[in-house]
Amino acid sequence: MNVFSATGRLTQDVDLRYTTSGTATGTFTLAVNRNFKTKEGGYEADFIRCVIWRKSAENLANLTHKGSQIGITGRVQTRNYENQQGQRVYVTEVIVDEFYLLDSRSEPANSSQAQGPNNQGNYATNVQNQSQAPFMGGQEVDITDDDLPF
């Protein structure tokens, strides 16, 4: 089974191009933090080459920019070619089937709130702004445990 999923940040804007037949293709590199700390207390990242096709490529290029946090699912593919010097070059990349936008619309992608291996921001600080928390400051609702579906 060849299934890949990751969450990370774009290292640059998606490079959107079109084939001679007009099919959109986008290439990008996703920086994915490892889930353990180094001796220095920081996190290392893996930089994963990705390719996305057709309308999904156009949407990703239009909706994201360098630093955007996204989730992807797809498959790992290897290919090879001969370069101008006659050497065989092997390439491993992820062919993206689906992507998920993970940045808040009201929060810039390069927010200083990002921390840890999952780049989760501090929600308590973000909800102080009423536009970021539209349900804050409303009327309190009285709900009993019996009313909850779980």
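What you see is a predicted model, where local features need pLDDT of at least 70, side-chain atom pairs count only at pLDDT 80 or more, and totals for chains, interfaces and linings use all residues. Residues are numbered from 1 along each chain as its sequence is written, and side-chain values use heavy atoms, with hydrogens and water left out.

**Fold**
- The protein has two helices and six strands (DSSP runs: H or I of at least four residues for helices, E of at least two for strands, numbered from the N terminus).
- Along the sequence, these come in the order β-β-β-β-α-β-β-α.
- Take the contacts (heavy atoms within 4.5 Å) with a separation of 6 or more: 56% of them join residues 24 or more positions apart.

- Of the 150 residues, 27% count as buried, meaning under 20% relative accessible area with a 1.4 Å probe and protein chains only.

- A pocket here is an open set of points on a 1 Å grid over the protein atoms alone, where a 1.4 Å probe fits, with protein on both sides within 12 Å along at least five of seven lines; lining residues have an atom within 4 Å of a point.
- Gly26, Thr27, Arg49, Cys50 and Val51 are the closest to the pocket's centre, out of 14 lining residues.
- Strands S2 (15-18), S3 (24-37) and S4 (43-53) each give two or more residues to this lining, and S3 gives the most, with five.

Technical notes
Buried means under 20% relative accessible area, exposed over 50%, partly exposed in between (1.4 Å probe, protein chains only).
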